[in-house]
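Me: I am new to this structure and would like to work through it by question and answer. May we begin once it is displayed?

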Amino acid sequence: MIPHLAGSALLERAMPVHMEKTLRHFAGNSCPDPSSVGNDMALQDAPDISSQKLKPARPRPPRRAPGLTATLIRPHLLSNLIASYPHDWYDGDFHEFRIGIAAAGRGTVVNHPDTIRHILVSHSDNFPKDTNQLAILRPLLGDGLLTASGPGWRQARKLAAPIFQHSSVRDFAPIFVAAAQRSVERVLQRGEIFSIDREMTQVTLEVIGEAILSADLSDDIEGIAGTVTGTLEKFPAMFLAAALLPPRIRDAFLERLVLAGRRQLDVFARRIIKRAHERESGNSLLTRMMDASRADTGHEMSLAQVRDEVATFLLAGHETTATTLSWAWYLLTLHPEAFERMQAEVDAVAPNRPLTAEDVPALPYTRAVLDETLRLYPIVANIMRTTLADDITPTGLPLKAGRTVLISPWLMHRHRRYWQEPDRFVPERFLTQESTAQPRYAYLPFGGGPRVCIGASFALLEAVLILGTYAQHANIRVLNAHNVRPLARIVLRPNRRLRAMASKRRPAT
Ligand code: HEM
């Protein structure tokens with residue numbers, strides 16, 4: 001790393017003034033911080049959302065995809081990538097683009113389920129993760145599961161896979177339910193307007209701390225959440241830097257952008273490792289992974305390996321689920337009838353006791369609410385790959401070596417050919433023919449192939465049990481739902497804090 005690069009003469013010589021301004025603009029505090037907006041709403045100001053029949057928010061698509069020049073002149077286009085997708089990208093099998101998100105500014109959006117299968121599953125060796133995307137994440141996550149490649153990744157995935165299987169993850173259901181009960185009690189006792197997205201961050205952090213790291217992170221929650229949000233806020237600058245700077249300068253710039261976050265994560269990770277070592281025995285996912293490594297290779301995971309996995313699970317394992325739950329509360333506010341149906345389902349299954357993992361198969365509607373939430377707001381909205389060798393996909397699309405490929409769950413999940421009324425919230429579609437008749441890769445909130453999300457079973461079980469536990473005890477309403485827009489950073493999240501009210505439900509009879 002070149003220390004103190006940003007602000008140095010080297011950086012200034014390396015890029016044109018307007019570009020440098022752009023990067024500094026994004027790297028600074030000029031992006032709206034969700035913690036600082038929307039805080040001033042009083043309950044009496046809140047419009048009755050349900051009577052307005054609001055549609056789930058989405059950006060209005062531009063007529064044409066912005067080119068490289070437009071992106072340089074109006075760099076805010078990159079601060080919310082999904083807002084730059086033109087109308088015709090929600091249809092068709094592929095589209096060429098020329099904006100600053102790919103090496104050399106060129107790439108192909110792949111919009112056909114068979115092509116997606118080809119790239120992510122059957123020919124995945126020819127389509128490794130995009131180097132620019134890795135350049136953005138590596139300074140923060142090192143060589144954890146999300147960012148590693150080659151034999152290092154294969155070994156780590158082999159160790160972690162059995163631990164994240166559905167059958168193993170069920171052991172953690174009591175942790176999910178207990179954390180959800182504490183959370184719903186907290187919001188009911190507070191009796192005032194609160195940020196439901198902040199509450200979801202807290203509950204999922206408690207879960208990840210206990211289940212994955214065997215550590216009580218409650219003292220650190222604000223710090224970790226701040227680190228994550230602060231780092232994600234710099235995403236547009238990282239994107240632009242990754243796309244436009246030569247690799248050496250790019251890497252130094254990115255290192256510097258995330259340095260503070262990385263240092264904080266190191267501190268958390270060391271504390272967690274120390275606590276895990278001090279315990280006589282531990283049954284957390286991380287301890288199981290350390291045990292599996294010892295059994296498999298005959299030696300301990302290195303400090304760096306453990307730290308990178310801790311950082312990866314902290315970031316990949318809570319913000320994703322927390323944001324999905326936040327979107328679910330937003331959508332359930334727009335559709336109170338769906339919330340009532342969910343409550344009726346939970347009441348029928350567990351009228352006067354906490355939920356368990358065994359109840360989950362009997363909660364198909366609650367699960368469908370989550371599936372539909374992930375369709376409309378797929379937290380990982382963009383998946384990028386690079387083409388290694390010249391390739392032709394099953395749909396006849398030629399992809400030249402070096403080509404950046406963009407697979408966008410955001411676009412695929414709203415593709416007019418595959419989804420009826422794609423912009424509407426209809427959980428029932430996941431209980432009917434519509435979803436079962438779909439080609440497999442028309443729906444991919446967790447990606448696919450060998451690099452599919454390892455935490456999918458964990459996340460779904462956790463989210464169903466948290467939503468279900470809330471449904472048992474409380475009515476929830478997001479007060480500023482009329483003002484919310486999706487913002488695609490590293491995760492797709494609401495552009496402002498979700499101000500909510502909770503009221504106690506009559507206990508079910
Ligand atoms: C709703 C919640 C979640 C969503 C939507 C989600 C989505 C994704 C997606 C789309 C990928 C693939 C990215 C790519 O192919 O480039 C991924 C990878 C990953 N996710 Fe998740 N995720 C969620 C929750 C979790 C949780 C709870 C954990 C851990 C406990 C986790 C850990 C990971 C890891 C380690 C990878 C990298 C796997 C590899 O490359 O081998 N995720 N996730």
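Me: Apart from its neighbours within four places in sequence, which residues is P113 in contact with?
Reply: The structure shown is a predicted model. P113 belongs to helix α5, residues 113-122. Once neighbours within four places in sequence are left aside, the contacts of P113 are P439, R440, Y441 and A442.

Me: Is P113 buried or exposed?
Reply: A residue counts as buried if 20 or more other C-beta atoms lie within 10 Å of its own. For P113 there are 22 other C-beta atoms within 10 Å, so P113 is buried.

Me: How are the secondary structure and the burial of the protein chain summarised, and what percentage of its residues is buried?
Reply: The protein chain has 20 helices and 11 strands. It holds 509 residues, and the buried share of them is 49%.

Me: Over which residues does pLDDT stay under 50?
Reply: The protein chain has a mean pLDDT of 82, and 80% of its residues reach 70 or more. Where pLDDT is low, the predicted coordinates should not be read in detail. This caution concerns the stretch in which pLDDT stays under 50, residues 1-45.

Me: Where in the chain is C453 placed?
Reply: UniProt, in an unreviewed entry, lists C453 under "binding site". As for its setting in the model, C453 is found in the loop between α19 (433-436) and α20 (456-473).

Me: Is C453 buried, exposed or partly exposed, and which residues does it contact beyond four places in sequence?
Reply: C453 has 19 C-beta neighbours inside 10 Å, and therefore counts as partly exposed. With neighbours within four places in sequence left aside, C453 is in contact with F446 and G447.

Me: Which element gives the largest share of the shell around the ligand?
Reply: There are 24 residues around the ligand, of which G317, T320, G447, C453 and G455 come nearest. The elements giving two or more residues to this shell are α15 and α20. The largest share, seven residues, is that of α15.

Me: What is the distance between the end C-alpha atoms of α20?
Reply: Of the 18 residues of α20, 14 are buried, so the helix is largely enclosed by the rest of the structure. At 1.5 Å a residue, α20 should span 26 Å, and this agrees with the separation of its end C-alpha atoms, 26 Å.

Me: Why do the buried residues of α16 lie on the same side of the helix?
Reply: The buried residues of α16 are A338, F339, M342, Q343, E345 and V346. They lie on the same side of α16 because the arc they cover around the axis is only 160°.

Me: Which elements do the buried residues of α16 pack against?
Reply: Helix α16 comprises residues 336-349. E337 and A348 are exposed on the other side of α16. The buried residues of α16 pack against α15 (303-334), α17 (364-376) and α20.

Me: What distance separates the C-alpha atoms of I193 and R499?
Reply: I193 lies in the loop between α9 (173-190) and β3 (194-195). With 17 C-beta neighbours inside 10 Å, I193 counts as partly exposed. I193 and R499 are 306 residues apart along the chain, and their C-alpha atoms are separated by 6.3 Å.

Methods
Residues are numbered from 1 along each chain as its sequence is written. This is a predicted model: local features need pLDDT of at least 70, side-chain atom pairs count only at pLDDT 80 or more; totals for chains, interfaces and linings use all residues. UniProt positions are given in the numbering used here, feature names are shortened, and annotations may be inferred rather than shown by experiment. Helices (H or I, at least four residues) and strands (E, at least two) are DSSP runs, numbered from the N terminus. A residue is buried if 20 or more other C-beta atoms lie within 10 Å of its own, exposed if 12 or fewer, and partly exposed in between; C-beta atoms are placed from the backbone. Two residues are in contact if their C-beta atoms, placed from the backbone, lie within 7 Å. The expected span of a helix is 1.5 Å times one less than its number of residues. The arc is that of the directions from the helix axis to the C-beta atoms. pLDDT is the predictor's confidence in each residue, from 0 to 100. A residue is near a molecule or strand if its C-beta atom, placed from the backbone, lies within 6 Å of it.
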